[in-house]
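Please look over the sequence and the model, then continue with the notes below.

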Amino acid sequence: MSIDFERARQETLQYHKAYYSRFKLFEKDSWLENPDQPLMRLLDYLEGKIEILDLGCGVGRNAIPMAQALQKSNKTATITAVDVLAESIDLLKEYASTYKVKNIIEAVLADNDVFMIEPNKYDLVAAISTLEHCQGKNKVAKLMAAIARGAKSGGFVRIEMTTNRRVTDTSTNEPVPTFVETPLDGEEVQEMLQAKDTFAGWNIISLTVDPYEEELAKEDRTVHWCSTQINFTAQKP
Ligand SMILES: C[S@@+](CC[C@H](N)C(=O)[O-])C[C@H]1O[C@@H](n2cnc3c(N)ncnc32)[C@H](O)[C@@H]1O
């Protein structure tokens, strides 16, 4: 199957731009309401001068609460938060100011596919619902390997990915095309996560595949979204 990466990128950018202007950070009944809890729990294990990388950070659903928690526990930290969408980065900067964590968050406008991850630098690397937006399976694998290299010994990685996307029209049951850059199935992602140059030999803290279903409005129709979510947490030996 050949994928129109440019079209997929435009759809990704448009969806997120519209979503972030419609819902505020932490708004109830949106996916910005709460941070990722398994990610937040990893903060308890971090010590010293903490370096965190949040790839595809959005408007800071995770970066802002992580910064607040680290500040509250008097830990010294820098969170480098990267997103390809200019509106995400602008809003992240505003929220960092509103929530008084500007000194902890370094917001970077960049594409995950080209962002250089310094090896052995990070205590924690988060990539939450963003690797599927790399432009091709090779780039997903390349980024996973860069993430693995970027973690320090003893550092953690938390990855979530949507796989097995299937969207149908609720009234006709016909498939509705969606344009994610790299649609992958759960099994191939699990293989990629356990490959030699990614996380083989790491301490796998959790690897679960969870079903997800939702009915939502898409353009002028109601669609049934069905997918599985890979949740992966590991620690570098
Ligand atoms: C589903 S949102 C998740 C945001 C955030 N990680 C969270 O959990 O709230 C995906 C984010 O990835 C960003 N994104 C998509 N493709 C990207 C790329 N190639 N490089 C960097 N960020 C990207 C989008 O702009 C969007 O903010």
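Why does Lys100 count as exposed? Lys100 counts as exposed because 12 C-beta neighbours lie inside 10 Å; a residue is exposed with 12 or fewer other C-beta atoms within 10 Å of its own, buried with 20 or more, and partly exposed in between, with C-beta atoms placed from the backbone. The model is predicted, and local features need pLDDT of at least 70, side-chain atom pairs count only at pLDDT 80 or more, and totals for chains, interfaces and linings use all residues. Residues are numbered from 1 along each chain as its sequence is written.

**Ligand shell**
- The ligand is surrounded by 19 residues, and the closest are Gly56, Gly58, Arg61, Asn112 and His133; a residue is near a molecule if its C-beta atom, placed from the backbone, lies within 6 Å of it.
- At least two residues of this shell come from helix H1 (5-22), and at least two from strand E2 (76-83); helices (H or I, at least four residues) and strands (E, at least two) are DSSP runs, numbered from the N terminus.
- By class, the shell holds 5 nonpolar, 10 polar and 4 charged residues; Ala, Val, Leu, Ile, Met, Phe, Trp, Tyr, Cys and Pro count as nonpolar, Asp, Glu, Lys and Arg as charged, and the others, Gly among them, as polar.

**Helices H1 and H4**
- The axes of H1 and H4 come within 9 Å and cross at roughly 30°, which means that H1 is roughly parallel to H4 (angles under 35 degrees count as roughly parallel; axes are lines fitted to C-alpha atoms over the stretch in contact, and angles run from 0 to 180 degrees between N-to-C directions).
- His16, Lys17 and Tyr20 in H1 meet Glu87, Ser88 and Leu91 in H4, contact being C-beta atoms, placed from the backbone, within 7 Å.
- The contact of H1 with H4 comprises 2 nonpolar, 2 polar and 2 charged residues.

**Loop residues with positive phi**
- Lys100 is in the loop between helix H4 (86-98) and strand E3 (105-109), and its phi is near 60°, a positive value in a residue other than glycine.
- Asp29 also has phi near 60° and is placed in the loop between H1 and helix H2 (37-42).
- Asp29 counts as exposed because it has 7 C-beta neighbours inside 10 Å.

**Ser129**
- Ser129 lies in the loop between strand E4 (122-128) and helix H5 (137-150).
- With 16 other C-beta atoms within 10 Å, Ser129 is partly exposed.
- Apart from neighbours within four places in sequence, Ser129 is in contact with Gly56, Glu160 and Thr162.
- Ser129 and Asn231 are 102 residues apart in sequence and 9.8 Å apart in space, C-alpha to C-alpha.

Key: Angles under 35 degrees count as roughly parallel, over 145 as roughly antiparallel, 65 to 115 as roughly perpendicular and the rest as oblique. Two residues are in contact if their C-beta atoms, placed from the backbone, lie within 7 Å.
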